[in-house]
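Hi,

Here is the structure I promised to pass on. Have a look when you get a moment, and my notes follow below.

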Amino acid sequence: MDAASLSDEQCIGQTLKLARRAAGRTSPNPMVGALLVKDGKVLGRGYHKRAGRPHAEIEAMQSARTNLAGAALYVNLEPCVHYGRTPPCADAIIRAGIKHVVCSTLDPNPQVAGRGVARLKRAGIRVSVGSQKEAARALNEAYFTYHEKHRPFVALKFAASLDGKLATRTNDSKWITNDAARTYARSLRARYQAILVGIGTVLHDDPHLGTRSARKPDPKRIILDSRLRIPLQAQVLRDSNAIVATTSRAPADKLYALKRRGIEVLVFDGGEVPLGKLMVKLRQAEIISLLVEGGGTVLGNFIDQKLADKVYAFYAPLLIGGQDAVSISGQGAGQIQGSLDLDRISTKRFQDNILITGTPHYVIDQNS
């Protein structure tokens, strides 16, 4: 590819496309792509494939197989400066004789956080920061949330009728949405490190909560179960890739049975699992993204505690009705002005079903 006519924005656009190739495979690391350009020619390109593998900058340099002195490096995130699973990229850039680095944004990881750019500048390398910053942050929204809010990025997903019901008064929810919408909804699981449901969902639906794909690994399954009512034969306990969050109310024999099977159990004091403390535990386990699938009480609690960063709302042209039908609960807003407002809205059609995706914009409700 001839890069002579490409602007910095276009070159960064190429790094974003490269980075997306590893979607769902790099956690807890970010998705990063890199492009090397010299004298109007692209010398090398690369992307970070998964944690523990070389970073995008190293992949691009290795693909070049030529002298890089005087070249420009384009990358959608600040080069690292610390030893983690791999050596620092900043040092490799300096050794290669690269003279100009263009990156979209600084790395929010406190081990980097501007230090990479500073090291490159001290070595005499010209550094430009800010090209396609918003697109770069959106690509790695979970990574930025993890480091800036000190908790996993949380997405809420639900399927509802037009009158906002998640299930009928008898808890029947199979199926509100059509096959195409459900297939897409399952595909979302591959984008997240963990998926969370409440014990009510497990007892009523016995969900699988997997990607059902040989090429895409299942996310970690997390079940909120304050009294440890989960059946040992539940599908979510089919292997050790699960965490059960419970409380001191849990029976000792059930705790022992789960731990003996290799299931991680988190026990919290009190009568209910505290979501804030659970987020701390998940962050310590390097879980940077979490998909919450229900049920209604769990979804409502995440909204009440302002822990949602994205919402996937699937709607089908049904009217279920019934005051006892299942809907999103929790405390809720006291006034319309205190409702959870979504912006950055996008829509997607699945025949007669529709997906609305948005980013929560929290407003303090003075009357709730």
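Which residues does I230 touch, leaving aside those up to four places away in sequence? The list is I199, V202, I223, D225, V236, L237, K254 and L258. Please keep in mind that this is a predicted model.

Now to the helices. α2 covers residues 56–64 and α3 covers residues 89–96; their axes lie 9 Å apart and the packing angle is about 30°. Angles under 35 degrees count as roughly parallel, so α2 and α3 are roughly parallel to each other. Their crossing is left-handed. On the α2 side, the contact is made by E57, I58 and M61, while α3 brings C89, A92, I93 and A96. Sorted by class, that contact has 6 nonpolar residues, 1 charged and no polar ones.

Is H55 buried or exposed? Its relative accessibility is 18%, and the cut-off for buried is under 20%, so H55 counts as buried. Not counting residues up to four places away in sequence, H55 touches N29, H48, C80, T86 and C89. C89 also takes part in the α2 and α3 contact, on the α3 side.

Best wishes

Definitions and conventions
Residues numbered from 1 in each chain as written. Predicted model: local features only at pLDDT ≥ 70, side-chain atom pairs only at ≥ 80, totals over all residues. Heavy atoms only, no water. Axes fitted to C-alpha atoms, helices over the stretch in contact; angles between N-to-C directions. Helix = DSSP H or I, 4+ residues; strand = E, 2+ residues; numbered from the N terminus. Parallel < 35°, antiparallel > 145°, perpendicular 65-115°, else oblique. Left-handed = near helix turned anticlockwise from the far one by under 90°. Contact = heavy atoms within 4.5 Å. Nonpolar A, V, L, I, M, F, W, Y, C, P; charged D, E, K, R; others polar. Buried < 20%, exposed > 50% of the residue type's maximum accessible area, 1.4 Å probe, protein only.
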